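Me: I have a fold open on my screen and would like to know what stands behind the words used for it. Could you go through them with me?

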Amino acid sequence: MSDITRIETGPRMSQAVIHNGIAYLAGQISDKGPSVAEQTQGVLEQIDALLAQAGTDKSRILTATIILSDIATFGEMNSVWEKWVPQGATPARATIEAKLAAPQYLVEIVVVAAI
């Protein structure tokens, strides 16, 4: 049986779980600012930090799911995402619109990465 490693475990969830060479990150949100661009930048910084704790990096992301509170902000989010994601190593990705945990949150990103 493979070991399971949990990172930043709390009473409700872990920020990341590693199993069989794969890092599964919880949905990341940020209150870095009032715009989608600022929040996206904050989320990506958190993802970088969690991936580093897991022993991997953004070039190893397999899938990303991006949740926007308003799909009309798709272009604004993409302007930050495209500067961050390594060209030639872009993951499979889906972007959806949904209500997030609180109204101040505009973007949430979930990633799965190889170690």
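Me: Gladly starting with the helices: what makes the crossing of H1 and H2 right-handed or left-handed?

Reply: H1 passes H2 in a right-handed crossing. A crossing counts as right-handed if the near helix is turned clockwise from the far one by less than a right angle, and as left-handed if anticlockwise. Helix H1 covers residues 36-54 and helix H2 residues 74-84, and they pack at an angle of about 35° with their axes 8 Å apart. Axes here are lines fitted to C-alpha atoms, for helices over the stretch in contact, and angles run from 0 to 180 degrees between N-to-C directions.

Me: What kind of model is this, and how are residues numbered?

Reply: This is a predicted model, in which local features need pLDDT of at least 70 and side-chain atom pairs count only at pLDDT 80 or more, while totals for chains, interfaces and linings use all residues. Residues are numbered from 1 along each chain as its sequence is written, and side-chain values use heavy atoms, with hydrogens and water left out.

Me: Which residues of H1 and H2 meet?

Reply: Among them, Leu 44 and Ile 47 in H1 meet residues of H2 that include Val 80 and Trp 84. Contact means heavy atoms within 4.5 Å. By class, the contact of H1 with H2 has 8 nonpolar, 2 polar and 2 charged residues. Nonpolar stands for Ala, Val, Leu, Ile, Met, Phe, Trp, Tyr, Cys and Pro, charged for Asp, Glu, Lys and Arg, and polar for the others, Gly among them.

Me: Why are E1 and E2 called paired strands?

Reply: Two strands pair if DSSP finds at least two bridges between them, and E1 (residues 4-9) and E2 (residues 14-19) have 5, so they qualify, in the antiparallel sense. Helices (H or I, at least four residues) and strands (E, at least two) are themselves DSSP runs, numbered from the N terminus. In E2, Ser 14 is the bridge partner of Thr 9, and Val 17 is that of Arg 6. A hairpin of 4 residues joins E1 to E2.

Me: How many bridges join E2 to E3?

Reply: 4 bridges join E2 to E3 (residues 22-25), and these strands run antiparallel. Ala 16 stands opposite Leu 25 in E3.

Me: What makes E1 an edge strand?

Reply: The open sheet has 6 strands in the order E1-E2-E3-E6-E4-E5, with mixed pairing. E1 and E5 (92-97) are its edge strands, as each pairs on one side only.
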